[in-house]
Amino acid sequence: MRKVIGTLLAIALVTGVALVANRPGPAGAQGGGTIEATVTFAGAPVVEKLKVNKDTEKCGTEAVIEKVVVGPNKGLANAVVSVPGAKGAAKAMKATVDQHGCKFVPHVTAMTPGELDLKNSDDILHNIHTYSTANPSINKAQPKFKKLMTEKFEKPEFVKLTCDVHSWMLGWVAVMPNPFFGVTDAGGNAKIENVPPGKYTVEAWHETLGKQSKEVEVKAGQSTKVAIEMKK
Amino acid sequence: MRSPVLAVLAAVVLGAPALAAAQAGDAKAGKAVYDLKCIGCHGEKGDGKGPAAELLMPQPRDFTTGLYKIRTTANKVPWDQDLFRIITDGMPGTSMPSWAVLPDKDRWNLVAYIKSFAADKFKEAPKKLELPKEVGSSAESIKRGKEMFEAIECHKCHGAEGRADGPSRAELKDEWGHPIPPANLTKRWTFRGGASRTEIATRLAAGVLGTPMPTFIDSVEKPEDIWHLTNFILSLGPESPGYATLVTVTAVSDAIPDDPNADFWKKLTPNNIPLMGQVIVDPRNFDPSVDLVSVRAVYNDKEIAFHLTWDDPTQSTEDPAKKLFADGISLQFPPQPSSGPERPYFLMGDASDAVYLLRWQNGKGVTEATANGPTKIAAIQGAEASGKAAYANGQYRLVMKRPLVSKSETRPTFTPAVFMPVAFQAWDGGAGEGGTKMSLTSWYYLRLEEPQSSRRFVIPPIVAILTLAVMLLVVRVANRRA
């Protein structure tokens, strides 16, 4: 039974990753190339733990704050890989963040400017408190009966999401200027497809480790590998 | 507007808020006033880092962010009138005083100057906040407000009964990273932005910027729930604390109950006493937790009893490993009532004049002590006092009893109709208070009511009848003479 569940989970995970990675590119970018980025970090993972004193049936008894998640082969998860110089119209696609188990899921959401759906599937009070400068920052209560709120993020920026009711909750919304981006998985990998051919700077951003970049050349119909190492 | 009459008419017709009409201030003239009056806390650069800032809790406003807690707008930009009002009225429960002493013009100039610290934030125009149609208070409205209070989980921060003791309390931080306590909804005279109905509804609807308090205008089931919530919050406590100047001890003939939750105590009128932080002796307490104690006191022919009620958001006992202190409270009296106006030093006496303390500490119970200063406290042997405490929803209730008469020189005897000095001290261990880090009062007076006798029903009518008789006599004599 466990094996079956394990396999199912693995399939679900792979499908999930594939779905994330297969973000549809802009129209007319056919014949573009693919960037396969691997982001690594040589340092140790940073994980903080906190005893939970409320809503334990939803939040669990211990909150785990994963600030730096390092997987096998030093792969760094939750990094946003992007190609700021690539030209392509943003495709209207709503991004979604769920507040589930007193966590923002996913931890990092990347989107093009537009609307973000904020779900509350916990059946308890959360409040969406954003820290931003380019976009108006908000602090809106989302009680249990308010399952969905939609907010606009119209300017490219990395926006911090917090909840004051559950101080450990932390998430990020990466509002990107163009549709060429990906968020690294547990192995530190992200795939950006349909990038118009050309020479670009690929940028990797991480919430605590900052930014690193690398030059690449994207060729039509080909996959280009790029390895970026984050430093403290 | 062509004439002032028209302007007034327009204001009435448009239902303009009760804010002063905005005047254009002169930022340059405002700077001159700022440098004299505001710089000490808010700093030269307007960043809230003036020399006094580190001692203040909450911290002074950082004007460079253009973020203001109290506003009556739907967006983040306050009206000039919002800023003017805070300068004029100050902020209850903070170090921001009222500057109504300054001429109007100076205050408008200050508004212009503090806006200049974040000029780009004021490029956006303020947006009028539309409150839902007002719902007056009624039993039904309060009931609905309570339902909504529970549904939107106000208690997470503000506590089940509104005493700021919610489970998220310790985690709350403002946008500058400073810890920030939730408002105690039972003490609305401490509300930063005022305690009127409209002000409370406005805070609920638009939130308090820079703090964890979010906007609720779109997060209640129906828009008018904002008013039901307001009516419920108003029902949680009195409008003002009605501070007492004298503690009256009521004479009773029955036995006095030990249980602090007994109905007996609810029937007595509380004497509300304000407490301040102890800032005379190191370590000082600049941010006292306990700011009010409600005293109910009674005596019978054998004993005197004090029923004390005070809010404390955290129940704590002494735990040296966690650097926690016990919650506590004490009543201070001179060891013997003096006939003259002289009293021992109010801060727990001094080397020459001791004080008697009747105190309670969580975990230790009621004890008696003699103090010759806040660090020289010696327990009195042979306990004569007893007591019982109860803690629920961020509030302590305590009964302390003692024999009325004492034969020892270290303990006072309480005599009816004699003014007896009394002072109070309190510690919130969970807030790190212990030793000289306390809240306290100066000397107050306590007076035991004289036992009620039936004479008060007999003597006044006799006096009245005699007076009438004398008057009639005078009238008759005068008439006869005439």
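Author: Helices and strands are here DSSP runs, of at least four residues in state H or I for a helix and at least two in state E for a strand, numbered from the N terminus. In these terms, A:Asp123 belongs to the loop that connects β8 (114-120) with β9 (126-131) of chain A. The phi of A:Asp123 is positive, near 65°, although the residue is not a glycine. Most residues other than glycine have a negative phi, and most peptide bonds are trans. A:Asp123 counts as exposed because it has 12 C-beta neighbours inside 10 Å.

A:Asn194 is buried, since 21 other C-beta atoms lie within 10 Å. Chain A also contains a cis peptide bond, between A:Val105 and A:Pro106, with omega about -5°. A:Pro106 sits in the loop between β6 (104-105) and β7 (108-111). These details belong to a chain of two helices and 18 strands. Of its 232 residues, 38% count as buried. Of the chain A contacts that join residues at least 6 apart in sequence, 64% are between residues at least 24 apart.

The average pLDDT of chain B is 92, and 95% of the residues reach at least 70. Residues 1-18 of chain B, by contrast, have a pLDDT below 50, and this stretch makes five contacts in the model beyond near neighbours in sequence. Where pLDDT is low, the predicted coordinates should not be read in detail. For the complex, the predictor reports an ipTM of 0.81 and a pTM of 0.86.

Helix α5 of chain B, residues 104-116, packs against helix α2, residues 27-37, with the axes 7 Å apart and at an angle of about 100°. The two helices are therefore roughly perpendicular to each other. From α2(B), the residues that make the contact are B:Ala27, B:Ala29, B:Gly30, B:Lys31, B:Val33 and B:Tyr34; from α5(B), they are B:Asp106, B:Asn109, B:Leu110, B:Ala112, B:Tyr113 and B:Ser116. Seven nonpolar, three polar and two charged residues make up this contact.

Helix α5(B) itself has 13 residues, and the distance from its first C-alpha to its last is 19 Å, close to the 18 Å expected at 1.5 Å a residue. Its buried residues are B:Asp106, B:Arg107, B:Trp108, B:Asn109, B:Leu110, B:Val111, B:Tyr113, B:Ile114 and B:Lys115. They pack against α2 and also against α4 (80-89) of chain B.

Helix α4(B) is mostly covered, with eight of its ten residues buried. The buried set consists of B:Asp80, B:Gln81, B:Asp82, B:Leu83, B:Phe84, B:Arg85, B:Ile86 and B:Ile87, and its packing partner is α5 of chain B. After α4(B) comes B:Gly90, with a positive phi near 75°.

B:Arg296 is part of strand β4 (residues 292-299), and it counts as buried because 24 C-beta neighbours lie inside 10 Å. Its contacts, apart from neighbours within four places in sequence, are B:Trp265, B:Leu268, B:Pro270 and B:His307. B:Trp265 is 31 residues from B:Arg296 along the chain, yet their C-alpha atoms are separated by 7.2 Å.

Finally, the two chains meet. On the side of chain B, 17 residues are in contact with 17 residues of chain A. Those of chain B comprise seven nonpolar, four polar and six charged residues.

Methods:
Residues numbered from 1 in each chain as written. Chains lettered and ligands numbered in written order. Predicted model: local features only at pLDDT ≥ 70, side-chain atom pairs only at ≥ 80, totals over all residues. Contact = placed C-beta atoms within 7 Å. Nonpolar A, V, L, I, M, F, W, Y, C, P; charged D, E, K, R; others polar. pLDDT = per-residue confidence, 0-100. Axes fitted to C-alpha atoms, helices over the stretch in contact; angles between N-to-C directions. Parallel < 35°, antiparallel > 145°, perpendicular 65-115°, else oblique. Expected span 1.5 Å × (residues − 1). Buried ≥ 20, exposed ≤ 12 C-beta atoms within 10 Å, placed from the backbone.
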